[in-house]
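This report is written for someone meeting the structure for the first time.

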Amino acid sequence: MLVKVSIENFKSFDNITELTMISSNKIRVNANHRIKIENTQLLKYGVIYGANAAGKTNLIEFFHFFKKCIRKGIPIEGIGMFCKNREENKERESSFEVQITIGNKFYAYGFSAILSKRKITAEWLYQLYKNGSARCLFERDGNKRPVLDPEIALTKEEKNRFEIYADDFEGNETSLFLTEMNRGKKYTVHSKLLFFRDVYDWIQNHIIVITPNTPLIDLEYYYDMDSLKSINKLIETFDTGISKVKIEEISLDELSNAMPKVIFDRVMHHVKSRMEEQENSSFRMTMRSNENFFNIEVKGDLEPKVTTIRLNHIRSFYDFGFEEESDGTRRLFDLMDMLLNKREDVLYVVDELERSLHPKLTKHFLQMFMELHKEKRMQLLFTTHESSIMDQSIFRRDEIWFIERNAENVSVIYSLDRFKERYDKVLSKAYLEGRYGAIPVFRTFEFREEE
């Protein structure tokens, strides 16, 4: 589970900015929104409000950027992602850290870099303990050789292999050592170095980022009969007019014709990358373009099997294609995986959850998510403008956050809990009246006819 994020000198965030999922001990309502791990109570939900251009999307972008850096290094577009409010920030270090739990262990992993040069300047991984102490599992400083905690008792073979890995990595300023330790490295079940694999896997596979404008989304959406039954039951509750969801097999040529060439090429590149990453070459994934929804199944050396969805409407003689549905209905299919996912310990990070959805539908979706995952280690962190869900019967005060630009035009994050509101307070009304900030401030403008 996510415990905390820390960001510095990234986009609209200048100085160190933190968001925590550690709950307040003073709030008694919605106690089932917390999961206790060791002695720490972690929140399952976080909702973030703010005016347009306040920095909400930049917070979501942090998770996307963080995952991409760990997978492939700092991307080329990262050279301009430092906070541009001060001239010196171009040469100043940016810092990124997540605190997470894996099982019952707490970790803090992060790195710093000069983004304009795509240069890694430091990297660290700590194990955190309930008494407040911490143990540095490994760290690196600049292009120096990575250093492992000397108290980690490695076998002779593991020690020799790690020494080779560390020696080979010395001088590297463009890649992360966590990435290197997951590039074709094999670990035994009892290896003392398993934390390298566990932390990498959690960040890459347990953080799922969904944005409304992403042309391609890799979901865990499986079109077997069981999931189709679940989809059909769920879709009925949203009153979209859809009575049944079916699948239809299409050829690769049809897939190519259904989307722009650049998107098709990206899909094929993604399939190839997944095949190279998988230990076995069989996998399934769902791709969502702006107007299409495709499931791709790969089995060994066989040509990928492609299916799309067809939608049957109440009292309709003909099926509808995904591209014929409204933006709101298509948005629901972006989010459906969040309801169907049966895995444990997943963090969904969603930008503009309510995009194209009616307020009542947004509330219904959230209630279903909470109900379906009430017994799981499942977290949802999302941005929204929808004030109707700012309700203490839905969210705790410590689950509601605000982002706004300060006098220096940089983003700051703060929790509703600092306002110490009564439990019967109508939060949405107070928010729109400006009590908590993080709302648009309009200036008057007078039109004058030319004389």
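## The chain as a whole

How many helices and strands does the secondary structure of the chain come to? In this model, which is predicted, the chain has ten helices and 21 strands. It consists of 451 residues, of which 53% count as buried, and its accessible surface comes to about 22900 Å², with 48% of that area belonging to carbon and sulfur atoms.

## A six-stranded open sheet

Six strands form an open sheet with mixed pairing, and their order is β11-β18-β19-β5-β20-β21. The edges are taken by β11 (207-210) and β21 (411-415), each of which has a single partner strand, so one side of each is left without a neighbour in the sheet. On average, and with direction ignored, neighbouring strands of this sheet are turned by 15° against each other.

## Strand β18 and its partners

Strand β18, residues 346-350, pairs with β11 in the parallel sense over four bridges; within this pairing, L347 is the bridge partner of I207, while V350 stands opposite I210.

Is β18 enclosed or open to the outside? Because five of the five residues of β18 are buried, the strand is largely enclosed by the rest of the structure. In a regular strand the side chains alternate between the two faces of the sheet. Both faces of β18 are covered, with V346, Y348 and V350 buried on one side and L347 and V349 buried on the other.

## Helices against the sheet

Helix α8, which spans residues 327-340, lies across β11, β18 and β19 (378-383), and runs at about 160° to β18. Helix α9, residues 359-372, also packs on the sheet, where it touches β5 (45-49), β18 and β19, and its direction makes about 160° with that of β19.

## A buried glutamate in a loop

The loop between β19 and β20 (400-405) contains E386. This residue is buried yet has no salt bridge, and the nearest side chain of opposite charge, that of K363, is 10 Å away. When neighbours within four places in sequence are left aside, the residues in contact with E386 are Y49, E354 and P359.

Methods. Residues are numbered from 1 along each chain as its sequence is written. This is a predicted model: local features need pLDDT of at least 70, side-chain atom pairs count only at pLDDT 80 or more; totals for chains, interfaces and linings use all residues. Side-chain values use heavy atoms; hydrogens and water are left out. Helices (H or I, at least four residues) and strands (E, at least two) are DSSP runs, numbered from the N terminus. Buried means under 20% relative accessible area, exposed over 50%, partly exposed in between (1.4 Å probe, protein chains only). Accessible areas come from the Shrake-Rupley method with a 1.4 Å probe; for residues, only the protein chains shown count as cover. Two strands pair if DSSP finds at least two bridges between them. Axes are lines fitted to C-alpha atoms, for helices over the stretch in contact, and angles run from 0 to 180 degrees between N-to-C directions. Contact means heavy atoms within 4.5 Å. Lys and Arg count as positive and Asp and Glu as negative; His and the chain ends are not counted. A salt bridge is a side-chain nitrogen of Lys or Arg within 4 Å of a carboxyl oxygen of Asp or Glu.
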